[in-house]
Amino acid sequence: MSIDTATGKEAPADISSERVKDIFSSIAKKYERFNAVSSFGAYKAWLAGMMRQAPIGADADVLDIAGGTGDVTFTVARAKHPRHIQCTDLVDEMLDVARAHYADGAAEGVLVDFEVVDAQHIPYADASYDAITMAYGIRNMPERDQALSEMFRVLKPGGALVCLEFSTPPNRVWRALYSFYLKHLIPFWGGLITGDREGFVYLSRSIKAFPDQRGLATMMEKAGFTDVTWKNYTGGIAAVHVAIKPH
Ligand SMILES: C[S@@+](CC[C@H](N)C(=O)[O-])C[C@H]1O[C@@H](n2cnc3c(N)ncnc32)[C@H](O)[C@@H]1O
């Protein structure tokens, strides 16, 4: 089934795919500022949490899905020093920014390759990666079950999918405050800072329409993953799920 990622309702996949391509190709150059605003300034702390949870060894070949301008790729490179990282994204303009950071030494000597890849149709062989990272990716994909099945397929048995995504605060009061902030303030001051109000309206709507922690875990289990755990950050505004492909 494919959905409209802004509403969570069933819809042809190309509605969301075209919108996400438009948004990210036009904001690629100012994406890092957009990211700082859209994660409410907390993205560095959430990324650090993601690294603490990620079971990535020094001999790992890592696939970064929806890698964008390379923030996760370069953080993994610096924190884990794996053998190789394949940094992929649907939008080449985003990867161009990542390539420029790589040329400036952002990976600190770790080998990184870049390729345009739609996570819903991954062009790699079965069981070819030790770990997959993905930050703020799955929410933007209209065919989420298909994308998770593809990630499951290209992971080696015993490998882990480590996924950072906006989520749902379990506490009712915090959830209500956050909901207000998301709906009314984020489009306003996000738009003011980056000049891209529409991108922030989409962000708010897609977060609201996205499944909660348990819902995402269930989707991962449906794709075949086991031992799915998650940790909440900032009271559950974000969560990092770790899911294992069994032997
Ligand atoms: C919010 S950005 C996150 C980028 C990066 N992971 C980070 O943490 O900064 C979302 C990225 O998902 C990418 N994306 C959206 N749909 C995708 C798909 N179907 N396959 C691969 N990447 C996709 C977009 O192009 C965009 O670069």
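Is Leu161 buried or exposed in this predicted model? Leu161 counts as buried, because its relative accessibility is 0%, and buried residues are those under 20%. The residue belongs to strand β5, which covers residues 155-166. When its neighbours within four places in sequence are left aside, Leu161 is in contact with Ile132, Met134, Leu148, Met151, Leu155, Met220, Phe225, His241, Val242 and Ala243. The C-alpha atom of Leu161 is separated by 27 Å from that of Asp22, a residue 139 places away along the chain.

Two of the contacts of Leu161, namely Leu148 and Met151, are also listed among the buried residues of helix α6, which runs over residues 144-154. The buried residues of this helix are Arg144, Ala147, Leu148, Glu150, Met151, Phe152 and Val154. In an α-helix there are 3.6 residues a turn, so residues three or four places apart point the same way. The cover over the buried residues of α6 includes strand β1 (61-65), strand β4 (129-135), strand β5 and helix α9 (213-222).

The ligand sits in the largest cavity of the model. Of the 21 residues around the ligand, those that come nearest are Tyr31, Ala66, Asp89, Ala119 and Ala135. Helices α1 (13-27), α2 (31-38) and α4 (71-80) each supply at least two residues of the shell around the ligand.

Asp4 is placed in the segment before helix α1, which spans residues 13-27. Asp4 is buried because its relative accessible area is 14%, and the limit for a buried residue is under 20%. The side chain of Asp4 reaches the backbone nitrogen of Ala6 at 2.9 Å. Beyond its neighbours within four places in sequence, Asp4 is in contact with Lys9, Ala11, Ile15, Ser16 and Arg19.

Strand β3, made up of residues 111-116, contains Leu111. Leu111 is partly exposed, with a relative accessible area of 47%, whereas Leu161 is buried at 0%. With neighbours within four places in sequence left aside, the contacts of Leu111 are Arg83, His84, Ile85 and Tyr102. The C-alpha atoms of Leu111 and Ala77 are separated by 8.6 Å, although the two residues are 34 residues apart along the chain.

Backbone angles were also examined. Most residues other than glycine have a negative phi. His81, however, has a positive phi near 45°, and this residue is found in the loop between helix α4 and strand β2 (84-89). Thr234 likewise has a positive phi, near 50°, and lies in the loop between strand β6 (226-233) and strand β7 (238-244).

Methods: Residues numbered from 1 in each chain as written. Predicted model: local features only at pLDDT ≥ 70, side-chain atom pairs only at ≥ 80, totals over all residues. Heavy atoms only, no water. Helix = DSSP H or I, 4+ residues; strand = E, 2+ residues; numbered from the N terminus. Buried < 20%, exposed > 50% of the residue type's maximum accessible area, 1.4 Å probe, protein only. Polar contact = N/O pair within 3.5 Å; in protein donor to acceptor, adjacent residues only side chain to side chain. Contact = heavy atoms within 4.5 Å. Near = heavy atom within 4 Å. 1 Å grid on protein atoms, 1.4 Å probe; cavity = no way out; pocket = protein on both sides within 12 Å on 5 of 7 lines; lining within 4 Å. Sits in = over half its atoms within 2 Å of the grid points.
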